[in-house]
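Have a look at the model first.

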Amino acid sequence: MDATRVLLVLSLLVISLDLSILPVHCLNLTQLVVPKYADRGSSVNLTCKFDLDGRKLYSVKWYKDEFEFFTYMPDQKPQRKDHRVPGVTLNWNHSGMNTVVLKDLTFNASGNYSCEVSSEAPAYLTDVRKSRMTVIAFPKKDPELEGMKPSYEEGDYINVNCTAAPSHPPPEVDWYINGVVAGPWLVQKSLPVYSAENDAFTRSIMLTLLAQKPNFSGPNSALEIKCVSVVQGLEPREKTAYLQLAGALNNQKLAQERHGSSAGHTGSTAIVWLVALALLT
């Protein structure tokens, strides 16, 4: 190998070493916050945070299902632009570089939301992330129970109906007896009932149970029944009731009366002793 070729190889090696120790600049989208579930009619914040690694920001763009609905470009006049996309209602006053706010959510707002961040020339680096949001109708209250009596005689049938609050999608409803899910032979579930007024579904479930003394084993000899309503993606809502056997209830009243009578007798005896002591002195 001649000297010229040796020098060329050495020069290339030096250049490659110089390049290898140069700092590497990149753009990194560090956080995308999109709620997994959102309540119909509410507002949500979509957040996009990024690290430009010293570069200058060119643009931040938001998309729903690949359709651009908001653009932020710091060097443009105006800096912010919105674009009409079905299902998206933007809160303009609270939307900017890192956050967009959607208001008056409808079911059509469900979809995939993307944030795309780009740096300025000459590199024009870009990073993008995507997350899905589903809009549902949250139930506004706990289930309601109907048909309960103040007490039951042993051998009576307990018939209690539970109705879940309206929601979309329809709720799943179950009964629990003393903390254990009720067997299917004890419950009768109805199909979801649609209400056009609020565009939501409700559902009822009837519990039918024979009043037997061994079941009344809770605190104060009570039978605990609990109705639990679950809508996909949300925390369960529940309503609990405590039922009494007539005999057990009478025994409790008798015990309370005896306790009150005993306390009164003890108090009277103490007063007599005090009077006697006073006379002796």
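In which sense do strand S12 and strand S18 pair, and over how many bridges? Strand S12 (residues 172-177) and strand S18 (residues 222-230) pair in the antiparallel sense, over six bridges. This is a predicted model, where local features need pLDDT of at least 70 and side-chain atom pairs count only at pLDDT 80 or more, while totals for chains, interfaces and linings use all residues. Residues are numbered from 1 along each chain as its sequence is written, and side-chain values use heavy atoms, with hydrogens and water left out.

**Strand pairing**
- Strands here are DSSP E runs of at least two residues, numbered from the N terminus, and two of them pair if DSSP finds at least two bridges between them.
- Glu172 sits opposite Val230 in S18.
- S18 also runs antiparallel to strand S19 (residues 237-244), joined by eight bridges.
- Ile225 has Ala241 in S19 as its bridge partner.
- Six residues lie between the strands in the S18 and S19 hairpin, where Gly233 takes a positive phi near 90 degrees.

**Nonpolar cores**
- A nonpolar core is a set of buried (under 20% relative accessible area, 1.4 Å probe, protein chains only) Ala, Val, Leu, Ile, Met, Phe, Trp, Tyr and Cys residues joined through side-chain atoms within 4.5 Å.
- The largest one has 28 residues, and Leu46, Trp62 and Phe69 are among those with the most contacts inside it.
- S3 gives this core its largest share, four residues.
- Trp62 is in contact (heavy atoms within 4.5 Å) with residues including Leu32, Phe67, Val100 and Cys115, leaving aside neighbours within four places in sequence.
- A second, separate core of 23 residues includes Ala164, Leu186, Ala211 and Leu245.

Definitions and conventions. Buried means under 20% relative accessible area, exposed over 50%, partly exposed in between (1.4 Å probe, protein chains only).
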